[in-house]
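I opened my notebook for this one and decided to go through it entry by entry. Here is what I looked up.

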Amino acid sequence: MLTLFHHPMFATCRFVRLAFGEYGEELALIEEKPWMRRKEFLALNPAGTLPILLAEGDVPIVGAMVIGEYLDETRGVLKRDKRLFAEDPMGRAEIRRLTDWYLNKADSEVTRHLVRERVLKPIMPETAGGGSPDSAAIRAARANIRQHMKYTNWLAGTRHWLAGNKVTYADLAAAAALSVLDYLGEIDWREHAAAREWYARVKSRPSFRPLLSDRVRGLSPVSHYADLDF
């Protein structure tokens, strides 16, 4: 069994867990607090970032999409219609674009800041950047949510899945990011019917079940978080 160093509220880590779940592969999970900068953790990745996959031979593979590419090359190419990439280059390019949108653009504009201010700061020591949440950072992140939800709503309303006719890494990346925001109660789904219908379909997939069980100490999820009919 492969091992994933992760944090349950990082969208990048959730993306990797969903991808392995789609392929029916189990992962041994080790929750890592990267701000602690453990020597053993930094030995695996001197950059001190997550996720990290210990692959065959305990070789560390670092980064969400790097892990995704590895997973596609070692498992996905054998899955045929269940492959999380498209078979054609242009289809793969669109999947990569949208995966980058949610794991990098949305993360840098919204998710990362809300997780840091609302989830991590209260449990981090001051020497590592902990303390009271920055209300200005929270307001700025919340102001950016609407544009990302409008774009997701447009994608979901014009395509069967976000990148085309089947589930791909693009759907998993978007679901990973939005599931974090949903846990925190930051999304008003009433304003985004198409996105809500798409998210309900992703949320009902077996790969998503472990994420619905995630809990953060001192911060319970919004009441509908684990509800498939929300």
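This is a predicted model: local features need pLDDT of at least 70, side-chain atom pairs count only at pLDDT 80 or more; totals for chains, interfaces and linings use all residues.

**Entry 1: two helices meeting**

I started with a contact list: from helix 1, Ala11, Arg14, Phe15, Leu18, Ala19 and Glu22 meet Tyr169, Leu172, Ala173, Ala175, Ala176, Ala177, Ser179, Val180 and Tyr183 of helix 6. I sorted the residues of this contact by type and got 12 nonpolar, 1 polar and 2 charged.

Next I wanted the geometry. Two packed helices are described by the angle between their axes and the distance between those axes. For helix 1 (residues 11-22) and helix 6 (residues 169-183), the angle is about 130 degrees and the axes are 8 Å apart. Angles over 145 degrees would count as roughly antiparallel and 65 to 115 as roughly perpendicular, so helix 1 and helix 6 end up oblique to each other. I also looked up the handedness, and the crossing of helix 1 and helix 6 is right-handed.

**Entry 2: Thr111**

Is Thr111 buried or exposed? I found Thr111 in helix 4, which covers residues 89-120. Its relative accessibility is 2%, and buried means under 20%, so Thr111 counts as buried. I then skipped the neighbours within four places in sequence and checked what Thr111 touches: Ala106, Ala177, Val180 and Leu181.

**Entry 3: Pro51**

Where does Pro51 sit? I traced Pro51 to the loop between helix 2 (39-44) and strand 3 (52-54). Pro51 has a relative accessible area of 0%, so this residue is buried as well.

Which residues does Pro51 contact, leaving aside neighbours within four places in sequence? I wrote down Leu4, Phe5, Thr12, Cys13, Val16, Ile61, Val62, Gly63, Ala64 and Ile67. I picked Gly63 to check the spacing: Pro51 and Gly63 are 12 residues apart in sequence, yet their C-alpha atoms are 5.5 Å apart in space.

**Entry 4: the domain records**

Last, I went to UniProt. An unreviewed entry there lists "domain: GST N-terminal" at residues 1-79. In the model, that span is 37% helix and 20% strand, and its end C-alpha atoms lie 19 Å apart.

The unreviewed entry also has "domain: GST C-terminal" at residues 88-222. For residues 88-222 I noted 64% helix and 0% strand, with the end C-alpha atoms 40 Å apart.

Terms used. Residues are numbered from 1 along each chain as its sequence is written. Side-chain values use heavy atoms; hydrogens and water are left out. Axes are lines fitted to C-alpha atoms, for helices over the stretch in contact, and angles run from 0 to 180 degrees between N-to-C directions. Helices (H or I, at least four residues) and strands (E, at least two) are DSSP runs, numbered from the N terminus. Angles under 35 degrees count as roughly parallel, over 145 as roughly antiparallel, 65 to 115 as roughly perpendicular and the rest as oblique. A crossing is left-handed if the near helix is turned anticlockwise from the far one by less than a right angle, and right-handed if clockwise. Contact means heavy atoms within 4.5 Å. Ala, Val, Leu, Ile, Met, Phe, Trp, Tyr, Cys and Pro count as nonpolar, Asp, Glu, Lys and Arg as charged, and the others, Gly among them, as polar. UniProt positions are given in the numbering used here, feature names are shortened, and annotations may be inferred rather than shown by experiment. Buried means under 20% relative accessible area, exposed over 50%, partly exposed in between (1.4 Å probe, protein chains only).
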